[in-house]
Amino acid sequence: MPLVKLFARKTLSKPINLSSLQQKLCSIWNTKPDTTKLILTRVDDWTDDSFKEDIYVDIRAYGKKERTRDMVFEGMKQVQHAFGEEGLVANVRLEVYDGEKYFHLPPPSNPQP
């Protein structure tokens, strides 16, 4: 499960502890760290500051049968709470995808120079 893209303004002075957040997200979604990747991108700015968020959280997750709309919304609330525990106001977006249309090619275990 998920790829979690985090966007924060370069001017944000609050710490973003990726290891701690990854542990919390793994607990929420019942996943392992090797399948839950967090990527942080610092940006100059973004449009519309109406939500007053510190961080925009964009999650892509496998659309399993048990991930009903209610279950996903509850998980999103827990994600938002997890960021809150880290002192961050999060605007959370989650998209599920069809596993039949997902492809992944990790780097080889012994990369050649």
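Contact, as the word is used in these legends, means that heavy atoms lie within 4.5 Å of each other. The views show a predicted model, in which local features need pLDDT of at least 70 and side-chain atom pairs count only at pLDDT 80 or more, while totals for chains, interfaces and linings use all residues. Residues are numbered from 1 along each chain as its sequence is written, and side-chain values use heavy atoms, with hydrogens and water left out.

View 1. Leaving aside neighbours within four places in sequence, Ile-55 is in contact with Leu-6, Phe-7, Ala-8, Ile-16, Trp-46, Phe-83, Leu-88, Val-89, Ala-90 and Asn-91. A nonpolar core is a set of buried Ala, Val, Leu, Ile, Met, Phe, Trp, Tyr and Cys residues joined through side-chain atoms within 4.5 Å; buried means under 20% relative accessible area, exposed means over 50%, and partly exposed is in between (1.4 Å probe, protein chains only). The largest such core has 22 residues, and those with the most contacts inside it are Ile-55, Val-57, Val-79 and Phe-83. The elements that give two or more residues to this core are β1, α1 (18-29), β3, α2 (69-85) and β4, and the largest share, five residues, comes from α2. Helices (H or I, at least four residues) and strands (E, at least two) are DSSP runs, numbered from the N terminus.

**View 2. The two aromatic pairs.** A search of the whole structure finds two aromatic pairs, where rings of Phe, Tyr and Trp (its six-membered ring) pair if their centres lie within 6.5 Å, and planes under 30 degrees apart count as stacked, over 60 as edge-to-face and the rest as tilted. Phe-7 and Tyr-56 form a tilted pair, at 6.4 Å centre to centre and with 55° between the planes. This pair links distant parts of the chain, since Phe-7 is in strand β1 (residues 3-9) and Tyr-56 in strand β3 (residues 55-62), 49 residues apart. Phe-7 is partly exposed at 25% relative accessibility, and Tyr-56 is partly exposed at 27%. The rings of Tyr-62 and Tyr-97 have their centres 5.9 Å apart and their planes at 80°, so this pair is edge-to-face. Tyr-62 belongs to strand β3 and Tyr-97 to strand β4 (residues 90-97), 35 residues apart; Tyr-62 is partly exposed at 33%, whereas Tyr-97 is buried at 15%.

View 3. The structure holds eight salt bridges, each being a side-chain nitrogen of Lys or Arg within 4 Å of a carboxyl oxygen of Asp or Glu. In one of them, Asp-54 is joined to Lys-14, with the closest N and O atoms 2.7 Å apart. Asp-54 lies in the loop between β2 (37-43) and β3, and Lys-14 in the loop between β1 and α1, so the pair ties together parts that are 40 residues apart in sequence. Asp-54 is buried, with a relative accessible area of 12%, while Lys-14 is partly exposed at 32%. Glu-86 and Lys-24 also meet in a salt bridge (2.9 Å, N to O), which links the loop between α2 and β4 with helix α1, 62 residues apart.

**View 4. A network of salt bridges.** Lys-5, Asp-58, Arg-93 and Glu-95 are linked in a network of salt bridges. Within this group, Arg-93 forms a salt bridge with Glu-95, the closest N and O atoms being 3.0 Å apart. Arg-93 is partly exposed, with a relative accessible area of 32%, and Glu-95 also counts as partly exposed, at 32% relative accessibility.
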